[in-house]
Amino acid sequence: MSQLPPANLEHFSTQFLTCLERRQLSPCTVYARRRQLHRFLKFCRTRFIASPAQLTRDVLHAYQHSLCEHRTIANLPLKPGTVQHLLVGVNTFLAWLVREQILAANPLLGIEMPRKGRNLPRAVL
C-alpha cells in the first residue's frame, strides 16, 4: 500500500517551484518566487496554517497587514512596491493551486494591492 504525500502548504510549494523550473522560467524568477513563498509559509507556520484549505481571505488580509507593519533593520516600513512584489508571488502560487484543483478559488482575488508611488520626471524638477 503506497502512502499519499502530505497535502500541506510546504509540499505544494515544492511542487509549484518544481513546476516553474520545468517550464524553464528564468532562474531569477524561480529564486524570487522561492523567497516570496518562504516568507509567506513562515507567516503561515506562526499561525498554525498548514493546509491550502485554511487559506482564507482573512488570512491573506492578515499577511498583507503584517507586511505593511514589518520594519526593516533600519526600522523603516517596507515600501509599497516591495509589499506588492511579495503579494504577487503568493498570488501566483494561489493561482497555481486553483489550476491544480487544490483550491476552488483564489482567496487573494479582490484584495486591493498596495500601489507604488510614482516619481516625477527629472525634467519637471
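Student: What makes the meeting of the side chains of Glu10 and Arg45 a salt bridge?

Tutor: Bear in mind that this is a predicted model. The N to O distance between the side chains of Glu10 and Arg45 is 2.3 Å, and the criterion asks for a nitrogen of Lys or Arg within 4 Å of a carboxyl oxygen of Asp or Glu, so the pair qualifies. Glu10 lies in helix α1 and Arg45 in helix α2, 35 residues apart, and the pair therefore links distant parts of the chain.

Student: Why is Glu21 called partly exposed rather than buried or exposed?

Tutor: The relative accessible area of Glu21 is 43%, and because the term buried is kept for values under 20% and exposed for values over 50%, the label that remains is partly exposed. By the same cut-offs, Arg34 at 37% is partly exposed, as are Glu10 at 34% and Arg45 at 41%.

Student: Why are α1 and α2 called roughly antiparallel?

Tutor: The axes of helix α1 (residues 9-22) and helix α2 (residues 27-46) cross at roughly 170° and come within 11 Å. Angles over 145 degrees count as roughly antiparallel, and the two helices are therefore described in that way. In their contact, residues of α1 including Leu9, Phe16, Leu17 and Leu20 meet residues of α2, among them Val30, Leu37, Leu41 and Cys44. The residues of this contact divide into eight nonpolar, one polar and five charged.

Student: What makes α1 roughly perpendicular to α4?

Tutor: The axes of α1 and helix α4 (residues 80-99) also come within 11 Å, but cross at roughly 95°. The range for roughly perpendicular runs from 65 to 115 degrees, so α1 is placed roughly perpendicular to α4. The contact is made by Leu9, Phe12, Ser13, Gln15, Phe16 and Cys19 of α1, together with Thr92, Phe93, Trp96 and Leu97 of α4. By class, this contact of α1 with α4 has seven nonpolar, three polar and no charged residues.

Student: How do you know whether Ser13 counts as buried or exposed?

Tutor: Ser13, which is found in helix α1, has a relative accessibility of 5%, and because the cut-off for buried is under 20%, Ser13 counts as buried. Leaving aside residues up to four places away in sequence, Ser13 touches Leu37, Leu41 and Phe93.

Student: Where is Phe48 placed, and what is noted about its phi?

Tutor: Phe48 is in the loop between α2 and α3 (57-69). Its phi is near 60°, a positive value in a residue other than glycine. At 71% relative accessibility, Phe48 passes the cut-off of over 50% and is therefore called exposed.

Student: What makes Gln101 an exposed residue?

Tutor: Gln101, in the segment after α4, has a relative accessible area of 72%, and because exposed means over 50%, the term applies. Gln101 also has a positive phi of about 60° although it is not a glycine.

Note on methods
Residues numbered from 1 in each chain as written. Predicted model: local features only at pLDDT ≥ 70, side-chain atom pairs only at ≥ 80, totals over all residues. Heavy atoms only, no water. Axes fitted to C-alpha atoms, helices over the stretch in contact; angles between N-to-C directions. Helix = DSSP H or I, 4+ residues; strand = E, 2+ residues; numbered from the N terminus. Parallel < 35°, antiparallel > 145°, perpendicular 65-115°, else oblique. Contact = heavy atoms within 4.5 Å. Nonpolar A, V, L, I, M, F, W, Y, C, P; charged D, E, K, R; others polar. Buried < 20%, exposed > 50% of the residue type's maximum accessible area, 1.4 Å probe, protein only.
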